[in-house]
Amino acid sequence: MSDDFSARLALPYLAAGQMQKHVTLNAALTRLDALLQTAVVSRTTTTQPGDVSDGDLYILPDGAHGPAWDGRRPGDLMRFEAGGWTVAPAPVGMVALVLDTATAVVRGEGGWSPLGQWLGEVQALSRLGVGTTADAANPLAIKSNTALFTARGADEGGDGDLRLTLNKAAAGDVLSLLFQSGYAGRAELGLAGDENLSLKVSADGTTWRRAFGVDRASGRIDFDRGATRRETTVFTDDGVYEPPAWARWIETVCVGGGGGGGAGLAGPAGTTRFGGGGGGAGGLRRGAWATADLTGGLTIVIGSGGAASGAGGESRIEMSGVGLARAGGGAPGAAGTGGSGGGGGGGLGERLANGGGAASTTATSGGGGEAACPDGPGGGGAGGGLDTANAARAGGIGGTGDVCGRRTPGGAAGTAGQASSAPDLSCGGGGGGGGNASASGAGMAGGAGAAFGAGGGGGGAGLTAPGAGGIGGGGVVRITAVG
């Protein structure tokens, strides 16, 4: 060891018999003033400042320059006092507070580095705030835009795994992750008062609803409000359908166009004159396909409703020109003759669709069919007839659509059938009512079949002119995506 200076801080010793001992003592005190409770103004200032106070300390960065700073080494601790600058010795292990950044640095063999790099172990902290102030309610508080937890690899002495363990004291306690917006709760995931995993959500932070729970014993998931997503698209015109990316399968209903009602017969008294037959309803065809099996978009073709005495068009779903589902159009009602007025047959589908009613000259003409295909559209009612005595008969009512489900009534004599009020639920329209016969003038026209494949009503017979048949309802394709 030196006989002149202390080993670590290089404080000058007083020599025996030394003259002017106060000079040496004052130098030692000045150095202690710099090295104890050390606080430096900055460690990033590169230009030697002119406005300084006695006792100011600076750690020189790379590129520091000035009359007294030129030639000094980066990391030197510079002290200003009595109008001059001196280098204060900074031993390894010295801690200094950097005032302009409010950070602490430590002197090492290679220079100064943040205090945090030297903290190999920190134990029993009561509070820790990162970017914010921790308090009694939140002893650990972090205010940051990002956070990272990463596993220690085998080359770093770890095993590459990362597991966060959260533990509660007892079964009835809460262990959860609470997600907030504006400090109001929106979702909570965890063991909320029991030992089964659950997710709860809230719109206002006050009223909470459980979305799902997982039974820890069986692993079974219960979705309190369901988990399946459904989206229905209804086509009444030709188009293209692309299954959404989230859908796992699609369910389809294809309905053909309804047939038009036949016209009634007109003629003088003393002859038998039948009304026109009701038009047949369009066929109904259901399908369901996994979206993984669909190689492209689906082409949708909608069958048109038949004109008076005309057949309904076929509705279909195609993929790359290949048919996946077809529903035939309803046949037209026959025009009234002196001997008959037959109803048109229903279109082809899963089963034969509802046919149109047949005309009568002795009673009210037949109503449109509704029982042969009870979940499909109704057939059209037949037009009323005239017998030889010129007795006029009423037209038949239109068949009810979806008679076993969400009913859409058919029309009364000469009126249109009702369309479905909820096409996402029901695709069966009501058939048009057959027109009444007239013993004094023109027969009543048949009512139109409702949209979604209903048959048109037949026209009533007349003395001077026949009643025209009602038009059939256009077809429909309904597709429900499920995921």
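The model is predicted, so local features need pLDDT of at least 70 and side-chain atom pairs count only at pLDDT 80 or more, while totals for chains, interfaces and linings use all residues. Residues are numbered from 1 along each chain as its sequence is written, and side-chain values use heavy atoms, with hydrogens and water left out.

Strand 17 covers residues 249–255. Strands here are DSSP runs of E with at least two residues, numbered from the N terminus. Five of the seven residues in strand 17 are buried, where buried means under 20% relative accessible area with a 1.4 Å probe and protein chains only.

Strand 17 runs antiparallel to strand 18 (residues 284–290), and seven bridges join them. Two strands pair if DSSP finds at least two bridges between them. Within this pairing, Ile250 has Trp289 of strand 18 as its bridge partner. Strand 17 is also joined by seven bridges to strand 22 (residues 476–482), again in an antiparallel arrangement. Here Val255 is bridged to Val476 in strand 22.

The loops hold two further points. Ala124 lies between strand 7 (111–114) and strand 8 (128–130). Its phi is near 55°, a positive value in a residue other than glycine. Ala124 counts as exposed (over 50% relative accessible area) because its relative accessibility is 80%.

Ser309 sits in the loop between strand 19 (298–301) and strand 20 (315–319). Ser309 is not a glycine, yet its phi is positive, at about 65°.

Notes: Helices (H or I, at least four residues) and strands (E, at least two) are DSSP runs, numbered from the N terminus.
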